[in-house]
Amino acid sequence: MDKAQILVASNRGPVSFSVADDGSLAFRRGGGGLVSGLSSVAGEIDTLWVCAALSDADRKAAGTAPGGRLDQAGFDLGGARVRMLDIPPRTFANAYTSVANSTLWFVHHMLYDTPNKPHFDADFRARWDDYREYNGAFAEALVTGAAEGARVAVQDYHLALVPRMIRGRRPDLRIAHFSHTPWAPPEYFRMLPRDIARELLEGMLGADHVGFLSLRWADAFLRCCETFLRAEVNWATRTVDFGGRIVRVGVHALGADAEGLRARAAADDVAERRAALRELVGDRRLIVRVDRTELSKNIVRGLAAYRELLARRPEWRGRVTHLAFAYPSRGDVPEYREYTESVQRIAKEINEEFGTPDWTPLILEVNDDYPRSLASFQLADVLLVNPIRDGMNLVAKEGPVLSEEGCALVLSTEAGAADDLGEDALLVNPYDVSETAETLHTALSLPAGERRARCERLAERAAALPPQRWFTDQLRALG
């Protein structure tokens, strides 16, 4: 099988499959920064994307392809070369759901209800073995698929062990690992069992270059290397001396794909959604939020802040509508199911408390509708992005790019995006509901000229680091 000069490894790939009514396989291209960033170089450079099969339909597709190579099985992937790994379902579930999403995600976002969780027992150790096995399947695919001296870009907390696994077998490879999440400070990271904490750090330090979205997250990683590995960190050069090798730690902020977004937002389906939303809310001011129902997104406190705005600032009653698009996420994790129910409950309470026959204060939608999200960005007077902790948060960047009249951005200080946008956003402590309520009032009260000027500067900064540049910078960091 042909060898690649550039390889990307990520849990989710650039394509997903479904089974049509007649039993045939249908597929669609994925979205997001990674897909957009890779597509910009895939046509120019010899690139292979290694990913996992995430559904039964994906498994079926991978099973029909020689060695899982979808591009060699008759699927038109627009020139992309993709190897999809059919990892045993139990191994995948333990690695992805139990370890990556129910443990590592919770640690890095500092989300644990610590009197009750985490609980690291023998069962967890068995699931950790599956996480290691899952990383091993990726390592094997990368080792066998890479040409001599190839560059390998490993993505995210799902694959933290991969760099070290391939380093020993293929010292000729140049390896990067990139974290799309925050990184926990040592005080929280030490919650993990000592051997597992070390294995994670050592796994990532198998790379030549370790990247993060924000300086804050990179600093936390360096501090963990000092604390748990007793590694020598040079803070001036931002390098780690470990195992006889010097590993560079870099910051690569991710911006919006402004050109792609605007082209997509110009489509007819977005115009239809925009007209429907405008008819629904009339000439009222619009506060918008677009999130997955993830614990880190802090939707419940955001809704509580809107409720407090209406209670403390009655002049806005009947004059503002809150559009909350909260799309279901990770229904296989109990905490997420419970959180979605909490979101729906508080939304209902707000409408019962403040609603009138001709005014619905809050419109909550939990079904994913991408054109509707884009339309809401175009119409928003205020965009609320208040995560507890977020690696970057692209919504904070996409909203200003698509805004038609200029939107005010109310942004959590704990989003990586605050590094880039803090000067013109209205920053809030994500835990302070009263401050968020008062800041929503400030945002709604901004003079139109100031709001437009702020939004133009936000859009400029948001588009300054497009996904193509973000990905190319990582490859360049490998030489």
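# A walk through the predicted model

C51 counts as buried, because its relative accessibility is 0%, under the 20% cut-off. A search of the whole structure finds 0 disulfides. C455 is in no disulfide either. The nearest cysteine sulfur to C455 belongs to C407 and is 4.2 Å away. A disulfide would need the two sulfur atoms within 2.5 Å. C455 has 4% relative accessibility, so C455 also counts as buried.

Now turn to the sheet. Strands of a sheet pair through backbone hydrogen bonds, either parallel or antiparallel. Here an open sheet has 9 strands, with mixed pairing. The order is β5-β4-β1-β6-β7-β8-β11-β10-β9. Strands β5 (82–85) and β9 (232–234) stand at the edges. Each has a single partner strand, so one side of each is left without a neighbour in the sheet. On average, neighbouring strands of this sheet are turned by 20 degrees against each other, direction ignored.

One pairing can be followed by residue. Strand β10 (residues 239–242) and strand β11 (residues 245–251) run antiparallel, joined by 4 bridges. T239 has R248 of β11 as its bridge partner. Helix α18 (residues 467–477) packs on the sheet. This helix touches β1 (4–9), β6 (146–155), β7 (174–178), β8 (209–212) and β11. The direction of α18 makes about 130 degrees with that of β6.

Next comes an arginine in strand β12 (residues 285–292), R289. Is R289 buried or exposed? Its relative accessibility is 1%, so R289 counts as buried. A polar atom of the R289 side chain lies 3.1 Å from the backbone oxygen of K297. Beyond residues up to four places away in sequence, R289 touches several others, including K297, N298, H322, F325 and N386.

N298 has its own backbone feature. Its phi is positive, about 70 degrees, although N298 is not a glycine. N298 sits in the loop between β12 and α11 (299–312). With a relative accessible area of 1%, N298 is buried. R230 is not a glycine and has a positive phi of about 55 degrees. The loop between α8 (215–229) and β9 holds R230. R230 counts as exposed, because its relative accessibility is 67%. Elsewhere, the peptide bond from K117 to P118 is cis, with omega near 5 degrees. P118 lies in the loop between α3 (89–108) and α4 (122–145).

R164 and E202 meet in one of them, at 3.0 Å from N to O. This pair links distant parts of the chain, 38 residues apart. R164 is in helix α5 (residues 162–169), and E202 is in helix α7 (residues 194–204). R164 is partly exposed at 47% relative accessible area, whereas E202 counts as buried at 14%.

E438 forms a salt bridge with R313, and the closest N and O atoms are 2.5 Å apart. E438 lies in helix α16 (residues 433–445) and R313 in the loop between α11 and β13 (320–327), so the pair ties together parts 125 residues apart in sequence. E438 counts as partly exposed at 25% relative accessibility.

R461 and D424 form another salt bridge, with closest N and O atoms 2.7 Å apart. R461 lies in helix α17 (residues 448–462). D424 lies in the loop between α15 (418–421) and β17 (426–428). R461 counts as partly exposed at 27% relative accessibility, but D424 counts as buried at 5%.

How values were computed. Residues numbered from 1 in each chain as written. Predicted model: local features only at pLDDT ≥ 70, side-chain atom pairs only at ≥ 80, totals over all residues. Heavy atoms only, no water. Pairing = 2+ DSSP bridges. Helix = DSSP H or I, 4+ residues; strand = E, 2+ residues; numbered from the N terminus. Axes fitted to C-alpha atoms, helices over the stretch in contact; angles between N-to-C directions. Contact = heavy atoms within 4.5 Å. Buried < 20%, exposed > 50% of the residue type's maximum accessible area, 1.4 Å probe, protein only. Polar contact = N/O pair within 3.5 Å; in protein donor to acceptor, adjacent residues only side chain to side chain. Salt bridge = Lys/Arg side-chain N within 4 Å of Asp/Glu carboxyl O.
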